[in-house]
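I opened this entry to look at how the chains meet and how the copies are related.

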Amino acid sequence: MTQAFTTLEIPTRGKGLYEFTRATTQWLAAQALTTGLLTVFVQHTSASLVIQENADPDVRRDLDAFFARLVPENDPLYIHTMEGPDDMPAHVRSALTQTQLSIPVVNRRMTLGTWQGLYLFEHRSSSHRRNVVLHLIGE
Amino acid sequence: MTQAFTTLEIPTRGKGLYEFTRATTQWLAAQALTTGLLTVFVQHTSASLVIQENADPDVRRDLDAFFARLVPENDPLYIHTMEGPDDMPAHVRSALTQTQLSIPVVNRRMTLGTWQGLYLFEHRSSSHRRNVVLHLIGE
Amino acid sequence: MTQAFTTLEIPTRGKGLYEFTRATTQWLAAQALTTGLLTVFVQHTSASLVIQENADPDVRRDLDAFFARLVPENDPLYIHTMEGPDDMPAHVRSALTQTQLSIPVVNRRMTLGTWQGLYLFEHRSSSHRRNVVLHLIGE
């Protein structure tokens, strides 16, 4: 029984979903551990994580459009506006999705369903470099 | 320290919450491990997981009704419509809830609160068979 | 490889976010384990967990205000009203956020980003004492 860690740096160019399934799969394939639990943790409060369909790109476009409408910018509700019109909506969108995901691993592969992919959900308008910690525990 | 895995197959008959606390409890009771972390992972992007009140069934009915109103079908916002009017709402509802849950285990029992139950949240209208992976790590 | 458990009791005085980062940090610092996975699990269905910005308190105020508007009390949609006007909204707000969070631990510290704090999100109007289970597995 042992553990492994790494940090992925994911560059983003505005709101939307950025897949990192492949980077995660490649890291897992290189580990000594074959069976265990992978935890994915995003170190930000204005970007989050979702597992979504990786087939039709329109799904990701529609998902982002839904969140943009549900959590609008320039909402008079907000007091916290000093970091820009997209900042408070980014915190709300993060709270509505995930900061962390854990996925069982068998034979060095995540037990994802056929159509599932791992996505960083960027909620800010400008470009960022986002850090995602990967932690694997198993044997 | 060791691990155990299984997959539960949960049949669904349309939108709503389907409890699988008992199947999980029974599987845990049969394991050699007594203490650890249970991870529940749903292998779909149009069904999800929630821990909710298991007392009054009206809570589950109201929860589903809330999500049906928040994420309506036939919303002109959506481009991804080829898989039916319930498909894109299903992806959004999944993103708003959980793909994975982890629960500490002591004496072969989950540390759930008195009123907590595990539910598969089905977001499609037709019948499905949903796979939920259970992974236990501990000693 | 070993494990550790504790339960934090968090007193709340109405809706809003209650930080418990410090209590968690102090517990971790006192453990024999230095590296592993921390799981935080709330034993309620009318309070939940979020990781949010710990800098400007207005962020937490705005977050609570957003959820209060998104999930209003006295909504004619609800059948489950016997436990008070804030009860069913509390269940919905819990489903929209997290019951559980897992965070990698290195050198007895959570791998949180600079601005991330752990919060209990209270969804009921009256005072409560909320139980949060902490489970650490590692070595």
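The entries below cover one interface and then the symmetry.

Entry 1. I note at the start that this is a predicted model. I took the interface of chain B and chain C and looked up its extent. On one side 37 residues of chain B are in contact, and they meet 34 residues of chain C. The two chains bury about 2,800 Å² between them. Carbon and sulfur atoms carry 62% of that area.

Entry 2. I found 1 salt bridge between chain B and chain C. Its partners are B:R69 and C:D75, with 2.5 Å between the closest N and O atoms.

Entry 3. Which elements of chain B supply at least two residues each of the side that touches chain C? I listed β3 (36-42), β4 (47-53), α2 (57-70), β5 (100-106) and β8 (127-138). The largest share comes from α2(B), with 10 residues. Sorted by class, this side of chain B has 19 nonpolar, 11 polar and 7 charged residues.

Entry 4. I turned to the relation of chain C to chain A. A rotation of 120°, with 0.0 Å of shift along its axis, superposes chain C on chain A at an RMSD of 0.0 Å. The two copies are therefore related as by a three-fold rotation axis. I also looked up which residue of chain C comes closest to the rotation axis: C:L96, whose C-alpha is at 3.3 Å.

Conventions
Residues are numbered from 1 along each chain as its sequence is written. Chains are lettered from A and ligands numbered from 1 in the order in which they are written. This is a predicted model: local features need pLDDT of at least 70, side-chain atom pairs count only at pLDDT 80 or more; totals for chains, interfaces and linings use all residues. Side-chain values use heavy atoms; hydrogens and water are left out. Contact means heavy atoms within 4.5 Å. Buried area is the accessible area (1.4 Å probe) that two parts lose on being put together, summed over both. A salt bridge is a side-chain nitrogen of Lys or Arg within 4 Å of a carboxyl oxygen of Asp or Glu. Helices (H or I, at least four residues) and strands (E, at least two) are DSSP runs, numbered from the N terminus. Ala, Val, Leu, Ile, Met, Phe, Trp, Tyr, Cys and Pro count as nonpolar, Asp, Glu, Lys and Arg as charged, and the others, Gly among them, as polar. Copies are superposed by least squares on the C-alpha atoms of residues with pLDDT of at least 70 in both.
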